Amino acid sequence: MSDKFTEFGLSTDSYAAFDAVSLRDLIKRRLTEKNVFTDQLFEGSNLSSLVDVIAYSYHTLLFYLNRTSSESIFTEGQLYENVNRIVKLLNYNPTGYKTSVLTFQAKATPNLAKGLYTIPRYSFVDIGGIKYSLASDVAFGKTTDGEQSIASIGEKHLLYQGVFEQFPLQQATGEDFETITLSFDKSTKIDAYNIHVYVNTNGVWSEYKQTESLFLETPTASVFEKRLNENKLYEIRFGNDVYGRRLRSGDAVAIYYLKSDQNKGAVGPGALKGQLAPLTTPTFLQIRDNIKSPNVVYMSLSNLQQLTLTNTDPSTKPEQEESVDSIKTLAPKFFGAQHRLITASDFENYVNKQYGNVIADVKVVNNKDYIDGHLAYAVNDLQLQHPNMESRIAYNQINFASSTNFNNVYIYAVPKFEKITSATPMVNFLSPAQRSLILNGIDKIKTLTCEPVVIDPVYMAIDLGSALATETLTPEIRRSTILNIVKRRDSQRDDDIIRSEVESIIKSYFGTSSSLGYLLDMSSLYAEIASVTDVVDVYMTRTDNPNVKTQGITLLSWNPVYEQSDISIVSQNTQYPYFKFPYLFEQAALINKINVITSLT
């Protein structure tokens, strides 16, 4: 059987070879061959114009055919709109915009009497026009008449950049799986983790809780499902009295969202010095009074003014919506987990997605890997007689885990904010509030027999370093180590430019590139430095020891807490274990340790 159209002499796949011009020429040629029409040969004639319209319409249709045929396949889709629609079949919800998050400390003045207090949700503090808000009610007690630091507030709660606003009240129609779409212009960014829903039935407001899937809920559960759709707008969906409670006709729906100031909302350490103010819109005050417990008395404005909030750490930076590549990576994994945390990858994917506003990196191991890895390091390398009493290990175990160790799941987490100074080791640890946030979320869907523990990583300081094989290593070696960059004799490039380029290359291997279990690729680092324009040689020397001269680049790696027990020269590709996180020590001083010299030959 012929694979050509008998009337036209074209193969079945020839449509893919046509564009507007080739199709127009084909039509004109066939019309000319019939010797019936001649106007097609004259540009501007009616027939010529009709042929152009047909040809270019076909070209447009062909574009959509090619686009939709590839975008309908999950592995080949590239457009956010199409990939978002596809993963909806897997019940995967892409993560939206993430606003800045701030840890803080609270102090009560002597003017606040002893007693129990509750700070109302959505209370906010103004930092020079930038507002940070509490997302939930905060209960605490004051036990003295004088000034008192209220540790329980900052240890259990976070401030989110932005102020809570109310979406226009919606009236329910009472249909099954009723959906409300939060429509905003593209310049408005709302935090993915702070959308709260309240429903008024027969004059009484009640709070609806967010669920990962309505199909996991009971018929009477007051829950809603939130999803970022293909247009990057949030859809709030309710149940049908089989999977979650259905809205009744006439119910009023109030939706509160956190509107972010985006990049200008990030603040540094010490920026927060102020008092809280409550959200006092009439609708919210009614909601607040309806949903509170009978014994709760919210703080008045005058009492709130007796609390002073401060911060010692910078806020995290805001992040845009989840990318197409991230969606394509995580969607199959979340589908396989089926809203349960069983394997290490289940835990890692869940923490990365649900707490991506505070977590930069995470590794999860079981009890065996923890004993064979981190505890073995404490015993064998650090020579600790009681490794479980090491300060950070003991702190995490005592405060955030049960008394047993045999069924623990260890979560090594690196927060997004950094605390690095030239005088002290890196102490980039999760705050108690961040730990509690993660553990409370995990507890709902983890396997019954496991106990999650959030563990602090071992931060490894990295700096330029070179030494003789027989030399005793100390961190002081870094102070006298010089990285020598030799440029061509006839080079016209400025030394400072070359020095700056080399500094940028070294810094790029750390910072946001670092991770738990990081592979420090020394061969690539050397190759990148050697490829800088006009560079002909790279070697290391020491100002305090003329016998030290090492070809290439070497780094000094040490544990700042136990600097005599864990210190080494890194000259080859090095894979750090899962619990170690390398960072560049004294970044500001790096440029002064790079020396550019001109070749003599």
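Q: In which hand of crossing does α7 pass α8?

A: A crossing is left-handed when the near helix is turned anticlockwise from the far one by less than a right angle. In this predicted model, α7 passes α8 in a left-handed crossing. The residues in contact are L330, K333, F334 and A337 on the α7 side, and D346, N349, Y350 and K353 on the α8 side.

Q: At what angle do helix α7 and helix α8 pack, and how far apart are their axes?

A: Helix α7 covers residues 324–337 and helix α8 covers residues 344–354; the angle between them is about 120°, and their axes are 10 Å apart. That angle makes α7 oblique to α8.

Q: How does α8 pack with helix α11?

A: Helix α11 spans residues 432–443, and α8 packs with α11 at an angle of about 125°, the axes being 11 Å apart. Therefore α8 is oblique to α11. Here α8 passes α11 in a right-handed crossing.

Q: Which residues meet where α8 packs with α11, and how do they divide into nonpolar, polar and charged?

A: From α8 come F347, Y350 and V351, which meet I438, G441 and I442 of α11. The residues of this contact comprise five nonpolar, one polar and no charged.

Q: How many aromatic pairs does the structure hold, and what is the geometry of the pair Y459 and Y583?

A: Planes over 60 degrees apart count as edge-to-face. The structure holds 23 aromatic pairs. In one of them, the ring centres of Y459 and Y583 are 6.5 Å apart and the planes stand at 80°, so this pair is edge-to-face.

Q: Where in the sequence do Y459 and Y583 lie, and are they buried or exposed?

A: Y459 belongs to strand β25 (residues 458–464) and Y583 to strand β33 (residues 580–584), so their pair ties together parts 124 residues apart in sequence. Y459 and Y583 are both buried.

Q: What geometry does the aromatic pair of Y578 and F579 have?

A: Y578 and F579 are edge-to-face, with 5.2 Å from centre to centre and 85° between the planes. Y578 and F579 are each buried.

Q: Which residues form one aromatic cluster with Y459 and Y583?

A: The cluster consists of F429, Y459, W558, F581, Y583 and F585.

Definitions and conventions: Residues are numbered from 1 along each chain as its sequence is written. This is a predicted model: local features need pLDDT of at least 70, side-chain atom pairs count only at pLDDT 80 or more; totals for chains, interfaces and linings use all residues. Side-chain values use heavy atoms; hydrogens and water are left out. Axes are lines fitted to C-alpha atoms, for helices over the stretch in contact, and angles run from 0 to 180 degrees between N-to-C directions. Helices (H or I, at least four residues) and strands (E, at least two) are DSSP runs, numbered from the N terminus. Angles under 35 degrees count as roughly parallel, over 145 as roughly antiparallel, 65 to 115 as roughly perpendicular and the rest as oblique. Contact means heavy atoms within 4.5 Å. Rings of Phe, Tyr and Trp (its six-membered ring) pair if their centres lie within 6.5 Å; planes under 30 degrees apart count as stacked, over 60 as edge-to-face and the rest as tilted. Buried means under 20% relative accessible area, exposed over 50%, partly exposed in between (1.4 Å probe, protein chains only). Ala, Val, Leu, Ile, Met, Phe, Trp, Tyr, Cys and Pro count as nonpolar, Asp, Glu, Lys and Arg as charged, and the others, Gly among them, as polar.
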